[in-house]
Amino acid sequence: MNTGIDLDFEYQIVRSKRKTVAIHLRNGKVEVRTPQRIDNAWVQQFVENKADWINTQLAQQLKNKTEQYQMTDGESITFLGHELQLQLRLASRNKVYIEAGKLCIEGRIETSEKALKLFHNWLKDQARAYMVPRTEAYAARLGVEDSLQQIRFRKTRSKWGHCSSKGIIQFNELIMLAPTMVVEYLIIHEVCHLVYMNHSRQYWKLVEGHCPDYSEMKTWLTENGHRFWFDTEQQSASHLDAGLSD
Ligand SMILES: [Zn+2]
């Protein structure tokens, strides 16, 4: 079947036991996941109907990728919102430090992956030192210090922070690259979950009481957060699920 629409991307069909059709985009590749019985003509029509969405997502993924920080000597990154120039040096001893506008990473860093690993270990230490006391202070201010059981740092892909019903708050240490106000917002966001385990109106009211500009911070993170995932790391993906009636 040829409907005359020229698609400016190619796609791959992956048939499986699934019951619905989904479009999955990753690293510029388009994959259509369908049940076994769906034929190629149907998929072609389906993809044509979703072409606008797919093109928008592909463009966004490409933009995000070009904006990601690079672990390369001389590149600029941010730390607590301050711009720093990366200085990578081979050395026998591992050392990461900030000096005169530079973030110096020294050690056996023959590859950018190795440099990135050193950097992440350093960043986690920085996050712990900076965010733990602030998180505890906010918990005390809200009178929920007894509910706060643990503060963890983990480079999760999907979230900047998380608060469990057991009182465990988890932060993504990459947030340390954001301006201090944004870090502050994230801390407040998670600590307020110790009071309300939801995103109800009361919850946001409480957040607002401690961070009046919270919606600006949220927007900032949505627009800029992807930069903190250094190239080679996060592979941006988009996903569209559709019922078969589509
Ligand atoms: Zn939340």
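**Strand pairing and helix packing**

Modeller: Gln12 stands opposite Glu31 in strand β3. The coordinates are a predicted model, in which local features need pLDDT of at least 70 and side-chain atom pairs count only at pLDDT 80 or more, while totals for chains, interfaces and linings use all residues. Residue numbers start from 1 along each chain as its sequence is written.

Helices (H or I, at least four residues) and strands (E, at least two) are DSSP runs numbered from the N terminus, and two strands pair if DSSP finds at least two bridges between them.

Next comes an open sheet of four strands, ordered β4-β5-β7-β6, in which the pairing is mixed. Its edges are β4 (76–79) and β6 (95–99); each has a single partner strand, so one side of each lacks a neighbour in the sheet. Ignoring direction, neighbouring strands here are turned by 35 degrees against each other on average. One of the paired positions is Phe79, whose bridge partner in β5 is His82. Helix α3 (residues 112–141) packs on this sheet and touches β5, β6 and β7 (102–107), its direction making about 115 degrees with that of β7. Contact between two residues means C-beta atoms, placed from the backbone, within 7 Å.

A second open sheet has three strands in the order β8-β10-β9, again with mixed pairing. β8 (150–153) and β9 (161–163) are the edge strands, each pairing on one side only. From one strand to the next, the twist averages 15 degrees. β9 pairs with β10 (residues 168–171) in the antiparallel sense over three bridges, and His162 stands opposite Gln170 in β10. Two helices lie across this sheet. α3 lies across β8 and β10, at about 150 degrees to β8, and α4 lies across β9 and β10, at about 20 degrees to β9.

α3 and α4 also pack on each other: their axes are 10 Å apart and the angle is about 45 degrees. That makes α3 oblique to α4. (Under 35 degrees counts as roughly parallel, over 145 as roughly antiparallel, 65 to 115 as roughly perpendicular, the rest as oblique.) From α3, the residues Met131, Arg134, Thr135, Tyr138 and Ala139 meet Val183, Ile187, Ile188 and Val191 of α4. By class, this α3 contact with α4 has seven nonpolar residues, one polar and one charged. (Ala, Val, Leu, Ile, Met, Phe, Trp, Tyr, Cys and Pro count as nonpolar, Asp, Glu, Lys and Arg as charged, and the others, Gly among them, as polar.)

α4 (residues 180–192) has a further helix partner in α6 (residues 214–224), at an angle of about 110 degrees and with the axes 10 Å apart. The two helices are therefore roughly perpendicular to each other. Here Met181, Val182 and Tyr185 of α4 meet Tyr214, Met217, Trp220 and Leu221 of α6. The contact of α4 with α6 holds seven nonpolar residues and no polar or charged ones.

Technical notes:
Axes fitted to C-alpha atoms, helices over the stretch in contact; angles between N-to-C directions.
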